[in-house]
Amino acid sequence: EVSERLHIEPQKIWVEVIHKKKYACKTCEGSGDEDKKAVRMAKTPGNIMPGSIATPGLLSFIFTQKYCDYMPFYRQQAAFERIGVHISRQNMDNWQKGVCAKLEPLLALMKEHLKTGEVINMDETTMKVMDEPGKENKALSYMWLARGGPPGKKVIWYEYHESRAATHIVEILSGYSGYLQTDGYDAYEKALKELTGTIIHVGCFAHVRRYFFEAMKISRTPGGAEDALAQIKGLYTIEEKLREKLGQKKLSGEEFLQERKKECEPILTAFHGWLEGRQGKVLDSSKLGEAVNYTLGQWPLLTHYLDHIELTPDNNAAERAIRPFVMGRKNWNISGSPAGAKSSCQLYTLIETAKANKLNPYQYLKTIFEQAAEMNPSGDWSKLLPWNLNQS
């Protein structure tokens with residue numbers, strides 16, 4: 001008979017002591033290397049935080065604890081104290097900013113790579129940041145999210161700004177051409193008018209569905225919101241069925257697009273006719289009226305998803321990508337400074353991009369921290385991109 005029992009051993013932490021021998025040469029004169037110092041010492045091993053006690057492994061542990069497991073620095077400080085180690089939350093915060101400053105070249109590559117694919121999903125959410133110039137500490141700032149890049153090499157980009165203005169969308173998408181899928185926030189349309197690239201704006205049926213779901217909670221009259229929800233469900237049923245066939249290689253990419261258009265266009269035509277039939281017959285101020293008017297206003301954008309294989313009926317890819325930030329926000333509520341908010345977004349970018357490319361976040365951070373220690377700003381940072389590490 002064989003039985004199994006599960007054990008756990010708490011994490012171990014230890015001090016690495018580095019001994020560097022120092023040599024003095026008494027017979028160096030005439031040897032040809034007089035330009036070098038007579039007293040020489042071995043080079044200290046590189047560290048992404050020079051002069052700090054923090055190693056790549058410790059930094060990776062701290063950052064994954066916070067950004068994967070939502071454990072704020074003050075809780076980590078208490079956890080370290082329990083095993084006899086004092087690491088202050090201020091030290092952790094300074095390490096975070098220092099590491100992100102060192103990794104600026106890598107992050108710049110990720111931002112450019114974001115725009116090399118044919119589809120970008122975008123969303124934004126609120127955050128509170130202390131000590132922003134000209135703003136009260138209770139005022140809301142924003143974290144912007146963009147998910148893009150070619151298939152198999154996705155970047156999940158997080159960027160902090162003090163407002164929800166369209167100018168931030170312009171800055172993120174500058175130089176991009178392709179499809180942009182978002183919710184109905186009107187700043188996206190405003191931003192697209194300022195961009196020079198050819199960008200096709202795609203809407204989101206998930207937001208349409210929410211409007212009709214709110215209307216249904218108030219009234220279930222025949223021919224009302226339930227009818228709209230049934231037609232939207234039909235689009236999702238087709239999407240799920242065809243995606244399954246695509247995954248099983250029963251359809252090629254071109255066949256998928258053809259089948260989706262063939263099956264969805266009759267539903268879309270009928271739904272549009274249904275919306276026009278309700279417009280003017282329901283109060284604009286009612287929940288159903290709001291749902292009908294919102295959907296008709298978004299209609300030119302809602303049908304574009306049929307045109308590209310990476311597009312789906314909704315923008316849920318962006319909403320899924322933004323969820324880790326929202327979960328973290330529930331635990332630490334506020335960023336202590338604009339610099340802290342910026343570095344938080346940068347670490348979310350590194351961690352969520354690693355996850356999107358099927359890498360272990362702790363191992364990815366540890367690897368790039370180790371290699372970045374020996375690199376200068378003009379080095380080949382592309383080798384630290386997740387898909388390049390994955391191939392090596």
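**The lining of the second largest pocket divides into five nonpolar, eight polar and four charged residues.** Here Ala, Val, Leu, Ile, Met, Phe, Trp, Tyr, Cys and Pro count as nonpolar, Asp, Glu, Lys and Arg as charged, and the others, Gly among them, as polar. The model is predicted: local features need pLDDT of at least 70 and side-chain atom pairs pLDDT 80 or more, whereas totals for chains, interfaces and linings use all residues. Residues are numbered from 1 along each chain as its sequence is written, and side-chain values use heavy atoms, with hydrogens and water left out. The volume of this second pocket is about 410 Å³. A pocket is an open set of points on a 1 Å grid over the protein atoms alone, with protein on both sides within 12 Å along at least five of seven lines; a cavity is a set where a 1.4 Å probe fits but cannot get out, and lining residues have an atom within 4 Å of a point. Points are joined across faces, edges and corners, and a volume is the space filled by probe spheres set on them. Among the 17 lining residues, Lys66, Phe73, Arg89, Ile334 and Gly336 are the closest to the centre of the second largest pocket. Two or more lining residues come from each of α2 (73-82), α3 (89-102), α11 (316-332), β8 (334-335) and α12. Helix α3 provides the largest share, five residues. Helices (H or I, at least four residues) and strands (E, at least two) are DSSP runs numbered from the N terminus.

By class, the lining of the largest pocket comprises 18 nonpolar, eight polar and four charged residues.

**One cavity of 30 Å³ or more is present in the structure.** The space within the largest cavity is about 60 Å³. Its lining consists of Met127, Lys128, Phe325, Arg329, Trp332, Asn333, Ile334, Ser335 and Ser344. Strand β3 (119-129), helix α11 and strand β8 each contribute at least two of the lining residues, and α11 has the largest share, with three. Four of the residues lining the largest cavity are nonpolar, three polar and two charged.

**The largest nonpolar core contains 73 residues, and Phe63, Leu103, Met122, Leu173 and Ile368 have the most contacts inside it.** Helix α12 (residues 338-356) is the main contributor to this core, giving seven residues. A nonpolar core is a set of buried Ala, Val, Leu, Ile, Met, Phe, Trp, Tyr and Cys residues joined through side-chain atoms within 4.5 Å. Buried denotes under 20% relative accessible area, exposed over 50%, and partly exposed in between (1.4 Å probe, protein chains only). Leaving out residues up to four places away in sequence, Phe63 touches Cys68, Phe73, Met92, Trp95, Gln96, Val99, Leu347, Ile351, Leu365 and Phe369. Contact is taken as heavy atoms within 4.5 Å. A second, separate core has 33 residues, including Ile232, Tyr294, Trp299 and Leu311.

**Helix α8 (residues 225-247) has end C-alpha atoms 33 Å apart.** The expected span is 1.5 Å times one less than the number of residues; for the 23 residues of α8 this gives 33 Å, so the two values agree. Buried residues of α8 are Ala225, Ala228, Leu229, Gln231, Ile232, Leu235, Ile238, Glu239 and Leu242. Among the elements that cover these residues are α7 (205-218), α9 (253-278) and α10 (287-302).

**Lysine 249 and aspartate 131 are shown in their loops.** Lysine 249 lies between α8 and α9, where its phi is near 60°, a positive value in a residue other than glycine. With 73% relative accessibility, lysine 249 is exposed. Aspartate 131 occupies the loop between β3 and β4 (140-148) and has a positive phi near 60°. Aspartate 131 is exposed, at a relative accessible area of 54%. Most residues other than glycine have a negative phi.

**Alanine 372 is part of helix α13.** At 0% relative accessibility, alanine 372 is buried. Neighbours within four places in sequence aside, alanine 372 contacts Ile48, Lys102, Leu103, Trp381 and Leu384. The C-alpha atoms of alanine 372 and lysine 12 are separated by 25 Å, with the two residues 360 residues apart along the chain.
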